[in-house]
Amino acid sequence: MLNKKLFTIKQEEKPTREGFGEALLDIGKTNEKVVALCADLTESVKMDKFRDAFPERFFEMGITEQGMSGVASGLASCGYNPFMASYAMFSPGRNWEQIRTTICYNNVPVKVVGAHAGISVGPDGATHQAIEDIALMRILPNMNVFVPCDAVEAYAITKFLGKFDHPAYLRLTREKTPVILNDDYEFSFGKAIVMQIPKKDFKNKVGIISCGPIIYEALKAAKELEKDGIGVTVVNMPTIKPLDTKFLLRFAKNVQAIVTVEEHQIAGGLGSAVAEFLSEYHPIKIARVGIDDRFGQSGKQPELYEEYGLTSKHIVEKVKSII
Amino acid sequence: MNSLTDIEVKELSLRAEDIRESIIKMLTTAGSGHTAGPLGLADIFTLLYFRVLKHNPKHPDWVGRDRVILSNGHCAPVLYASLAHSRYFPIEELNTLRKFGSRLQGHPHRESLPGIETTSGPLGCGLSQAVGMALADRLENYKPERYFYVTIGDGELNEGQNWEAFLHLNKYKLNKIITIIDRNSIQIDGFTEDVLPTESLRNKFESFNFHVIEVDGHNFRDLYTAIGQAKSTLEKPTVIIAHTIPGKGVLEFEGDFHWHGKSPNKDEAKQAIKELRTLRGKIEKE
C-alpha cells in the first residue's frame, strides 16, 4: 500500500493535480464521451494535456464559473461526462447554487474539479485558499465527494470518475506533496483505507482519520506517538461522501479515541462527517485537527501549517490531549 | 418554413385560450404561483408546442427532438399546460400543481415530469445549459437539425450568468439556440426599467454579435416568421425579443406587475375564465 520510498531520502513529490491531468488524458483516449471545460486556468489545473490531445472536446469557457456549470450540465444531460475545473475557491466556491440546481438537482454526471484547495496554496492569501469546499459539496444531495491524498490516488480517482455516472466533486492541491501510495494502488469507491497499523499491541489505541496530502503529517505523527507508547492506526478517507460508515462503526469499537486531520475548516469537513456519524451511532471521544473558524493568509506552506496547527507536532498534541 | 395560413392561426389562437384557461385553473387550485408571465407566454408556447417543435409526447426522450428550456422557471404553468395539452401527461394532472407528491413541482424538476429538459427556477441558468446541449449536438454532428428554444424573462436578464452565456453563444456561434426574451417589462418589484434599467436591449444583443429580431409576442404569424429567420441565420445565433403583455387575455391582470407573483382567488378566476371564453367565442366566429 504505502510507497516504499516514503520517509526515505528517495521520497518522491508530485502535486495531486498532476495525477488528475495524466488520468484525464488517459480516460480521454478510451472514452470519447469525456469532455473538459475550464475557466481560464487550463495549465494550472492540468487540463493542458487533454486540451492538446482532444481540442474538439475541450472548452475554454473564460472566467465564467457560473456559466461553465450550466454548460457542463447541458453537456451531461446529452450523454457526455464533463470535467469542469477551476480553483476550488471559485468552483465550487462561487457557483454553489448552479451546482446545486443544475448539476445535483438535475442529477447529471458533471465532475466538479476544484484545484488549489487548502491553505497550502500559500502566498496568494486567504482569497484564494478554499477551506470550505468539502462542506459546500458534502451537503448536496446526489453529490459525491473525493479527496485524494497524493498524485497516485488523484490518478486512480480520476480514472474511476471516467466511468462514474453521478455528480462528483474532486478536490486537488497545487503544491508538490509526497507520493504516499504505490503505483499499483487501486481506488475503491466509498471505502476507507487503513494506511498504517501499530507495530505491536499497545495499551493505548487511537485512530487517526484523514484525507488529502495532510495525511503525510498524520503518518509522521503516528510514528512519534508509537515512541510514546500510543498505538495509532492511520486511516485514509478518499471518499468523504458517501462516507464509509460500516468501517467507521467497526473501527470506533476498536480504539479509545479518534482524531480527524484535514486541511479544511473543522466545521463541515471530514471531521464533521465522522463526528456526525459516530456521535449518533457509536459515541466516542473525537478531536478534530483542521482550521478552526479562521481565514487563511499569505505565507509559505510550513509557516501556515505551524500557524493553523496542522503539523505532525500538533496532531501528536491533539492525540495526547484526548486519551 | 412557409407562413401560417388563416386556419392555422385560428387553431393556434383557440389552443392558446385553452392553455390560458388551464393556467388560471391550475394556479387557482394551487393557491399560489405566478400568473402574469405564463399568460403572457401562452401564445409563444402554443406556437412552439403545436406548430414549431419536432417532438414526440409518447417518447419524451426521443433523441432527435427539439428542446425547450424554460429558463424563467417561475413560468412553469405555461410549460406544464403546453405539455399536458400536447398529451405528455393527462390534463387533469395540472390540478396537482404545487401540491405534495405532485410531478408538477412549483418550479420545474427535470426528473419529475416527462418533457422537462432542465430544472429551473433560480434565474439565469437556462441559457448556459442550452449552450452545453448545443455543444453536445455539435460534437455528435447530429442530423437532421435539432433546435434549442430558450425562454428568458426580461427581469431575469438582471442575472449575470445570462451575460456569460451570451458570450459563450457568440464564441461558439451556436446558431441552433434560439433565445426568446419575454419582454413584458415587469418583474416582482415593479417595471423593469425602474428596478434595473435594461434598455437598449437590441443594442446590447447586437453588440454581443447576435442576430436580433423584435416581434409582437402575441402575433403568431410574426413569431413564426421570426423563428424561420432564426433558423435560416447560420453565421450567428439569434435573439428574439418578444414584446408581450403580462397577464395577457385577462383585462384585470394585463400590464399590472402585482400579478407577477400571485395566483387568482376563486372569484378572480371565475371572472378571468369568463373573459377568456368570451374571447374564445369571438375567435371561433371569425
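Predicted model: local features only at pLDDT ≥ 70, side-chain atom pairs only at ≥ 80, totals over all residues.
A:Phe83 stands opposite A:Lys111 in β5(A). The model scores ipTM 0.95 and pTM 0.96.

**The seven-stranded sheet of chain A**

- Strands β4 (residues 81-87) and β5 (residues 111-115) of chain A run parallel and are joined by 5 bridges.
- Both belong to an open sheet of 7 strands in chain A, ordered β3-β2-β4-β5-β7-β6-β12, with mixed pairing.
- At the edges you'll find β3 (58-60) and β12 (239-241) of chain A; each has a single partner strand, so one side of each is left without a neighbour in the sheet.
- From one strand to the next, the twist averages 20°.
- Helix α1 (residues 16-30) of chain A packs on this sheet and touches β2 (34-38), β4, β5 and β7 (168-171) of chain A. The direction of α1(A) makes about 140° with that of β2(A).

**The five-stranded sheet of chain A**

- Chain A also has an open sheet of 5 strands, in the order β9-β11-β10-β13-β14, and here too the pairing is mixed.
- The edge strands are β9 (193-196) and β14 (285-291) of chain A, each with a single partner strand, so one side of each is left without a neighbour in the sheet.
- The twist in this sheet averages 25° from one strand to the next.
- Strand β10 (residues 204-210) of chain A pairs with strand β13 (residues 257-265) of chain A in the parallel sense, over 5 bridges.
- For a specific pair to look up, take A:Ser210, whose bridge partner in β13(A) is A:Val261.
- Helix α7 (residues 215-227) of chain A lies across β9, β10, β11 (230-236) and β13 of chain A, and runs at about 165° to β11(A).
- Helix α9 (residues 270-281) of chain A lies across β10, β13 and β14 of chain A, at about 145° to β13(A).

**Helix α1 against helix α6 in chain A**

- Besides packing on the seven-stranded sheet, α1(A) meets α6(A): their axes come within 7 Å and cross at roughly 35°.
- The crossing of α1(A) past α6(A) is right-handed.
- On the α1(A) side, the contact includes A:Phe20, A:Ala23, A:Leu24 and A:Ile27, along with A:Glu18, A:Glu22 and A:Asp26. From α6(A) come A:Ala151, A:Val152, A:Ala154, A:Tyr155, A:Thr158 and A:Lys159.
- By class, the residues in this α1(A)-α6(A) contact split into 8 nonpolar, 3 polar and 4 charged.

**Domains of chain A**

- Chain A divides into domain 1 (13-178) and domain 2 (193-322).
- Taken over C-alpha atoms, the centres of the two domains of chain A are 26 Å apart.
- In chain A, 29 residues of domain 1 are in contact with 29 residues of domain 2.
- On the domain 1 side of chain A, the elements giving two or more residues are α5 (133-138), β6 (144-146), α6 (151-161) and β8 (177-178).
- That side of domain 1 has 14 nonpolar, 9 polar and 6 charged residues.

**Where chain A touches chain B**

- The contact involves 23 residues of chain A and 21 residues of chain B.
- On the chain A side, α3 (65-77) and α4 (96-105) are the elements that give two or more residues.
- The most comes from α3(A), with 9 residues.
- The chain A side of this contact has 8 nonpolar, 13 polar and 2 charged residues.

**A helix pair within chain B**

- Chain B averages a pLDDT of 96, and 100% of the residues score at least 70.
- Helix α2 (residues 36-52) and helix α3 (residues 76-85) of chain B pack at an angle of about 35°, with their axes 9 Å apart.
- The crossing of α2(B) past α3(B) is right-handed.
- B:Pro38, B:Leu41, B:Ala42, B:Phe45, B:Thr46 and B:Tyr49 of α2(B) face B:Pro77, B:Val78, B:Leu79 and B:Ser82 of α3(B) across the contact.
- This contact of α2(B) with α3(B) has 8 nonpolar, 2 polar and no charged residues.

Definitions and conventions:
Residues numbered from 1 in each chain as written. Chains lettered and ligands numbered in written order. Axes fitted to C-alpha atoms, helices over the stretch in contact; angles between N-to-C directions. Helix = DSSP H or I, 4+ residues; strand = E, 2+ residues; numbered from the N terminus. Left-handed = near helix turned anticlockwise from the far one by under 90°. Contact = placed C-beta atoms within 7 Å. Nonpolar A, V, L, I, M, F, W, Y, C, P; charged D, E, K, R; others polar. Domains from an automatic or database assignment. pLDDT = per-residue confidence, 0-100. Pairing = 2+ DSSP bridges.
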